[in-house]
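Subject: Structure handover, strand pairing in chain B

Hello,

Here is the structure we spoke about.

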Amino acid sequence: MNPRKQRRLAFAITLLLAGGGAAGLAVFALQDNVLFFYSPTDVTDHPEKVPAGRTFRIGGLVQTGSVKRDTGLEVHFVVTDGKNAVPVNYSGVLPDLFREGQGVVALGTLASNRVFTASEILAKHDEKYMPPEVVDALKRSGRWNEGNPGAL
Amino acid sequence: MTGELGQLALCLALALSLVQAISGFVGASQNNIRLMAMGRGAALGSFVFIALAFFTLMFAYVTSDFSVLAVFQNSHTLKPLIYKISGVWGNHEGSMLLWILILGAYSAAIAMTQPGDGSEGTKLGARTLSVQALIAIAFIVFILLTSDPFERFYPPPFEGNGLNPLLQDPGLAFHPPLLYLGYVGLSAAFSFAAASLLESRNDAAWVRAARPFALMAWTALTLGIAAGSWWAYYTLGWGGFWFWDPVENASLMPWFVATALIHSMMATERTGAFKSWTLLLAITAFSFSLIGTFLVRSGVLNSVHAFANDPRRGFFILMILLVSITLPLILFAWRAPKLTPGAPFDVASRETGIMINNLLLTASAAITLTGTLYPLVLDAAEGIKITVGSPYYNATVVPLFVVLALIMPFGPIMLWRRGNLRAALYSLRFAGAAGLVVLLAVLAIVRPYSTLGVLAGGLGTWLIAGSITDLARRAGSWRRLFHLGAGAWSVALAHAGLGVVAFGVAGTGIWKSEGTEVLAPGKSMNVAAYELRLDSTERVQGPNYIADRANITVLTNGRPLTVIHPERRQYPVEQMTTSNSSIRTTVISDLYVVLSEPRDGGGWVVRAYVNPLAPFIWLGAVVMAFAGFIALGARIAARVRAARSAAAAGATEAAQ
């Protein structure tokens, strides 16, 4: 092998090792650093999917008339996909686009009494925008009404 | 009338782009100077017509012409003028028009700067413009067929729907244009690379021509990302300065590759090293821009920044994306083996540094792409819905950047081809000591303990001190410091800027304090060393909103420091409420206060953060961008000088 070929080979090997290393790192990190998303139906009908204490995201519509605020920071509401509903407790500031009848995605854990304790309520840019997971959850429960996402 | 004028202008721009594409290719292959000049003229003309279309749309917004559908959907007569103007690109159609406007501007810049004397450079420029024209054609057709910004609406209503209040922010005026100037600018490097491959030339002349454009694109991209990050920071609910959101990643991936590109171009231009790799990077960088455009515009990914997107249009961009990635890659696979190799270099050399830089940055881009697309793949394959957030990136991209920061100061200190590692280590001994001292200080003093925070403190100092070392070593004395070339300054500033960013990211990401309380007027809360007293709230009438404005006195040690006024605005037209935070900065830290919902009994939810070193994030980014401008400015100045002396030489010749 002439020196030029040697250099090319060395370069190719470095590239392969680096690429392989990066891929390995990515796969390894993807194993336990992802957040799962479940719909209220997943949570109520398939409780084995969501072990208590594990952080995940839940999404659906905020059930109309379910939002209860007290004088403190606590907020209680119910998230529904039209078929099933899960009560949510949250302490903190709600995003400006949080409204009854609108889509919502909450991040948190399920307590043993099947109440979801949210650590974060996610906001969106646009009031016309429905989070894709919520759309999907509503479609799966058969409550998705194309063109009129707010209606149940 | 305006709508038809805009459409006509777009059609003319399309026709001129066709002329530009054909005359460039044919002119270059027949070595026909007049045809190639026609290609350059067509590029300028096409830009003028795109600009005409763009300003026609802007005119429709400013005059609230609701017979144009996009204006009706996104504007309102009561909207302040600045948001009527920036609202042009606050929606899908207008944003795509801005995209091709900037593409056209780069083509025009190429047309004006490339030689027209029939030399090899003329042919390269002509073919480059042809490739640019092909991209322009694809996107103008895309706009005309799927996203016509001038679509009519009849009968015209008296009032528009208004613009999403979250977008009624100065951020909209700066962030998208800068970002597009960055990632559309990468098309220039792409087109030069493709042109060079088409010419089957085996040298790196294209790099010399494309480097200023790549630098411009990198600089604008840096500023654009920084502006977006700053906007997301002061907007509550967007997850802070960086959220690893898919839309944010869409701009970061091209930045990683563009950073790799400007480094590898430097090596290719100087020593001829990495010739084929630089070609590949130029193609990849713009491909990442297209991937970004696709991800953002198609709405296939769940994002907090998703707005005004339409999956049906995604397909079209996906097709453009596939063609513009595949064709140049095939061309590359065919031609790259024929390239002449550059000068050999030792393991201890600047080239090696640049190689490691390129490997780490492209790996970062690949990892980010994996994390961004993985949810999509998993959903399609198994119907499982997941999100990949900061824990993933902290475990992958962050360690790569730790290694990158470790080697960065060596690059500028090592010589091209054969450097001396021991000498470099010796030069950097003070920088290393400074980094170590800060690392130990953070370890000993700052609580709570954080490994990443300790590393960021040490590495940030190492980068800044490394840059100072490099400048000092090159200058030798204070007086000569300011006679150093722009190259030395720009490298030192860009590297030091990243160190400054590291401080900001660590300070805010790791050591922020926060507090949320329900405050009745007259009551106080504490966050870090500050006491916040809600004195009162009042109703304020804005141009197109009504706000509750809080008067909050900030006290330290019981003494009033200042009064701040966070607001909660209600936009009646859009039926939306926004919380407008109030930030008091000391540069060393930010006090960030948000007025949130009212509660029964007259209380208000008030949320406050103290973000140590937050301004350093954007300060560092501005320093990096400034470094880009210096490098660019020096190149332009050198060109002007060369042109002048050539003209002078020509004049002397003529006189003889």
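Two strands count as paired if DSSP finds at least two bridges between them. Strands are DSSP runs (E, at least two residues), numbered from the N terminus. This is a predicted model, in which local features need pLDDT of at least 70, side-chain atom pairs count only at pLDDT 80 or more, and totals for chains, interfaces and linings use all residues. Residues are numbered from 1 along each chain as its sequence is written, while chains are lettered from A and ligands numbered from 1 in the order in which they are written.

**Open sheet**

Chain B holds an open sheet of 4 strands, ordered β2-β11-β10-β9, with antiparallel pairing.

β9(B) is joined to β10(B) (residues 589-599) by 4 bridges, antiparallel. Within β10(B), B:Leu591 lies opposite B:Arg584.

**Hairpins**

β3(B) (residues 524-527) and β4(B) (residues 530-541) pair antiparallel over 4 bridges, and B:Asn526 has B:Glu531 in β4(B) as its bridge partner. Their hairpin has 2 residues between the strands, and B:Ala528 takes a positive phi near 50° there.

β4(B) also pairs with β5(B) (residues 546-556), antiparallel over 10 bridges. Here B:Leu534 is partnered by B:Ile552 in β5(B), and the hairpin joining β4(B) to β5(B) runs through 4 residues.

Regards
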